[in-house]
Amino acid sequence: MAHETSGFTAASSVEAAASSGSRLRWNKAPEVTVYFWIITVLCATVGETAADLLEEKAGLGLTSVSVFISALLAIVLAVWVRTTAYRAGVYWLAVALISVVDTLVSNDLTGDMGVPLETSTSVFAIVLVVVFVAWYWRERTLSIHSIDTLGRESFYWLAVLFTFAVGTTAGDLVSERMDFGYWLSMLLLGLVIAAVALAHFALDLDAVWSFWIAYVLIHSLGASVGGYLSQPNRDGGLGLGTAVTSALFLSVILGLVVYRAAPREDVGHPQQTARHAA
C-alpha cells in the first residue's frame, strides 16, 4: 500500500514544497513497510494489555489512570511538534500511548459508564469520518507521505487517535460482545486485511483508502491478539497475563524501532511524497 495512485507528480510536489516556507524538509511520518505494519499491530496489542495492567495495578481508578496517560501523551506530542523531522522513538512512543489511552477510554466508557460497545464504536467512527472530511477539505489529500506542515500533523494525529479508538472498540465488539472468541476474531480480521491488500494490489483500490481501512483493522487485530495472549484460559486466552504480554511486546517494539531508526530507512523524504500515498 505504499505506491500512490491519486495522480500527484514529482514536479508539482517539489514546486509546492519550495513555494511554502512552512513546509518541513522531511516528511514526519514513517515509510509504510512490513516493519511499519508489524510495529503498529504490536502497539495495538500493548495498548490492550498495558491499559489492563495499569487499571489492575495502579490503584488510582480507571478515570485517574486515563487522565494521567493522556497528560503523558500530550507531553510526547508536544515534543513531537517541536521536532523538524521524523524521529522514530518519539513517533512510536506517541502511537503506543495513543493505543493505551484509547483502550483506557473504551474500558471507562463500557465498564464505568455503561456505554454499549456498539454505541462507542459508531460514535468514534463518525468522528473519524469528520476528521477525514475536514483534513481532505483543508489539504486535498489524506496521504501520510505529505505530513510536512503543522496543519497536516494535527489532522494526522487526530486520525491516528480515532482509528485506534474505532479499532479498539470494534475489536472488543467482535471478540467479546459478538462472542466470536479471540481465535476466530483474529482469523476473520486477518482475512479482511488480506482482502484489502488484495484489492489494492490486484484491483487498484486507492492507496490512501487502502491504508486507512487496513490501519483501523490492524488495531482491531491487535486488540484481539492482546486479549488472546493475556486473558486466562477460562476466557479463551493463553493466560500469559497483562504484565508478561506487555513486557514481551514492548521489548519487541523497542528492538524493531532501534533497528529501523539506526539507518533511518523509514524516513519519508519530500521527493517521495509524489510517489507514495500511504
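These legends walk through a predicted model, one close-up at a time.

Because it is a predicted model, local features need pLDDT of at least 70 and side-chain atom pairs count only at pLDDT 80 or more, while totals for chains, interfaces and linings use all residues. Residues are numbered from 1 along each chain as its sequence is written, and side-chain values use heavy atoms, with hydrogens and water left out.

**View 1**
Start here to get your bearings. Helices (H or I, at least four residues) and strands (E, at least two) are DSSP runs, numbered from the N terminus. From that end, the elements follow the order α-β-α-α-α-α-α-α-α-α-β. Of the 278 residues in the protein chain, 51% are buried; buried means under 20% relative accessible area, exposed over 50%, and partly exposed in between (1.4 Å probe, protein chains only). The protein chain exposes about 12700 Å², with carbon and sulfur atoms supplying 68% of that area. Accessible areas come from the Shrake-Rupley method with a 1.4 Å probe, and for residues only the protein chains shown count as cover. Contact means heavy atoms within 4.5 Å. Among contacts between residues at least 6 apart in sequence, 80% join residues at least 24 apart.

**View 1. The largest nonpolar core, with 68 residues.**
A nonpolar core is a set of buried Ala, Val, Leu, Ile, Met, Phe, Trp, Tyr and Cys residues joined through side-chain atoms within 4.5 Å. To find your way in, look for the residues with the most contacts inside this core: Tyr91, Trp92, Trp135, Tyr156, Trp157, Trp212 and Tyr215. At least two core residues come from each of helix H2 (34-57), helix H3 (62-82), helix H4 (88-112), helix H5 (117-139), helix H6 (150-177), helix H7 (181-203), helix H8 (207-230) and helix H9 (242-261). Now settle on Trp212. Setting aside neighbours within four places in sequence, Trp212 is in contact with Phe132, Trp135, Leu142, Ile144, Tyr156, Ala159 and Thr163.

**View 2. Trp135 and Phe155, a stacked pair of rings.**
Rings of Phe, Tyr and Trp (its six-membered ring) pair if their centres lie within 6.5 Å; planes under 30 degrees apart count as stacked, over 60 as edge-to-face and the rest as tilted. The whole structure holds 26 aromatic pairs. In the one shown here, the ring centres of Trp135 and Phe155 are 6.4 Å apart and the planes meet at 5 degrees, so the pair counts as stacked. Trp135 belongs to helix H5 and Phe155 to helix H6, so the pair ties together parts that are 20 residues apart in sequence. Trp135 is buried, with a relative accessible area of 0%, and Phe155 also counts as buried, at 16%.

**View 3. Lys28 and Glu153, a salt bridge between distant parts of the chain.**
A salt bridge is a side-chain nitrogen of Lys or Arg within 4 Å of a carboxyl oxygen of Asp or Glu. The structure holds three of them. In this one, the closest N and O atoms of Lys28 and Glu153 are 2.9 Å apart. Lys28 sits in strand E1 (residues 27-30) and Glu153 in helix H6, 125 residues apart. Both Lys28 and Glu153 are buried.

**View 4. Glu139, Asp148 and Arg152, joined in one salt-bridge network.**
Which residues meet Arg152 in salt bridges? One is Glu139, with 2.9 Å from N to O; this pair links Arg152 in helix H6 to Glu139 in helix H5, 13 residues apart. Another is Asp148, where the closest N and O atoms are 3.5 Å apart. Asp148 is buried at 10% relative accessible area, and Arg152 counts as buried at 8%. Glu139 is buried as well.

Arg140 lies in the loop between H5 and H6.

**View 5. Thr245, a buried residue of helix H9.**
Thr245 has a relative accessible area of 1%. Leaving aside neighbours within four places in sequence, Thr245 is in contact with Thr49, Leu229, Ser230 and Leu240.
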